[in-house]
Amino acid sequence: MSPTPPPLPLAEENLARVREVLEPLDREQKARLHQLIRDGHLDNPALGPHVASLLLEMLNGRRTEHARRLWTGWFDPILLRDDVSIRAETRLPASMHIIDAGAWWFALSQHMGPGIDRIQRVITRQSREKPLDEIFASPAAQRIAEDLRKESLAIIAAVKPKAEARARFLAEANLQRKPMLAARGCRATPPLTAADLDTLEFLLTVAPAWRDLAKPAPASDLDALTDYVLTAAEERRPGAEGALLLVVAHLHARRHPGTAMEVHHTFPQTLVRDCIVAHFQLAAQVAREWIEEHYLSRTPTRTPPSSGDIEILTECVFAWYDALHALGIDESDRHQAGIRDAFGRFINAVELELVPALGQRLMAMTRYSAPDPLLERIRYVASFKARLKPRGIATAIKPWQPAIAQHLAGLFRDLTAAGQPADLPRLGKLAELMDLIGHPLEVTALDGALIRLVEEALAMRQRFSNEESGLIDRLLTTASDERRRCRWWVSPEVMSLLKTADRTGWYRRAGA
């Protein structure tokens, strides 16, 4: 053990300055500097032990569960750490999340006896002189990790066949998992089951196959992983069947249909198809939960609530659906029910819940209501329907009732009658709402109040929103048609509007 560093003059001030210099360095630089100091390359031998101690503190941090770290190291190449996959109602096949790994370790360690304490003491003593990463990479630590792996497999083999022991073991894991999920804001994640215990056993069995992987699969290049897996199979390496899980882990981390298509092209296996279906189900779940929380005001199943752009989330669902269809997976007896259920729950959230709720809110609007929240939602419904049609997917969305259009038209007329240019934004949004529900607003050259309002706005302003511009364009088109049709006489209001639009450069701005 290194002797206690000798005191320095103004030690606290000196060490504070040294810490400021060391903090910006990355882990690799700090580890290299620590090794140089250990090898005696620091010119000031009195300062060396202090700097080495600071570096060790930075490198090792507050990590104290050393046996657990050696055990979870087996999963490093495939470990998931995100907040999305852990929420999946259908577990991603052959996956291991860092939260689940921690829960499994807790349950297993209860059956391992005093050997865990001995490992903790040995590594704690070594960590006073060496960085933990260096200790964990040593042959001695790797032998300990292998012992932990084998002991874990023996424990699993003992508890699996006995229903009572298995249930107790799963309860221990889920008990530990619950607060870890709560810390991530997840309150409705399905518990670990006997099927997950089978996955754990399989992963521990094949884990030696990826021991020499340069970096974790989620961060690796797909082509490099593919070559690694194919080479392992060609050379008949021990546990080569587990190497495919590296590609699967990459797919899980990327969650992209294009990646899934590439993986399936090279590895058209049942496991890969199961993964693609699971990711479709997860994408549909995430989009559905977003709609329930943000559009239907349901209590979120996590804190903070779902985030993201619903249009992007929905496009992701349909991209996964297209991948399933392109690969013929949606026609498989194995997967049809799961696909239908996930897609049906997503579509029903829009068709059977969101649309009726929007209809009620449209009918409840007054001339003082802000159209923006409803406009955003009805735009979404329109884009949702547009995605269904080219895919030949039948929709249960009924046409919007004429009574809704009549109500919105009445609100529009009430606002135009007031004749305030400041109401033009709201009028533009009401007009777009009517377009989106399939009952376009009828604008005529006889609508003197609207003509006067728009003319005043053109004379006062240079910039208009998209909704305002749409309404202005519609009115000017109607006015221009009226002038062409009635060559001998056009109302003074229409002529004045057209002249104002020309004088204020509306047509030039619209063309730009």
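Reply: A term comes before that: on a 1 Å grid over the protein atoms alone, a cavity is a set of points where a 1.4 Å probe fits but cannot get out, and lining residues have an atom within 4 Å of a point. This is a predicted model, where local features need pLDDT of at least 70, side-chain atom pairs count only at pLDDT 80 or more, and totals for chains, interfaces and linings use all residues. Residues are numbered from 1 along each chain as its sequence is written, and side-chain values use heavy atoms, with hydrogens and water left out.

Me: ok, which residues line the largest cavity?
Reply: The lining consists of L80, S85, I86, A88, R91, L92, S95, M96, H97 and D100.

Me: and how much space lies in it?
Reply: The largest cavity holds about 80 Å³, a volume being the space filled by probe spheres set on the points, which are joined across faces, edges and corners.

Me: How many cavities of 30 Å³ or more are there?
Reply: One.

Me: Switching topic: how many salt bridges does the structure hold?
Reply: There are 29, each being a side-chain nitrogen of Lys or Arg within 4 Å of a carboxyl oxygen of Asp or Glu.

Me: what does R168 form a salt bridge with?
Reply: Its partner is E164, and the closest N and O atoms are 3.6 Å apart.

Definitions and conventions
1 Å grid on protein atoms, 1.4 Å probe; cavity = no way out; pocket = protein on both sides within 12 Å on 5 of 7 lines; lining within 4 Å.
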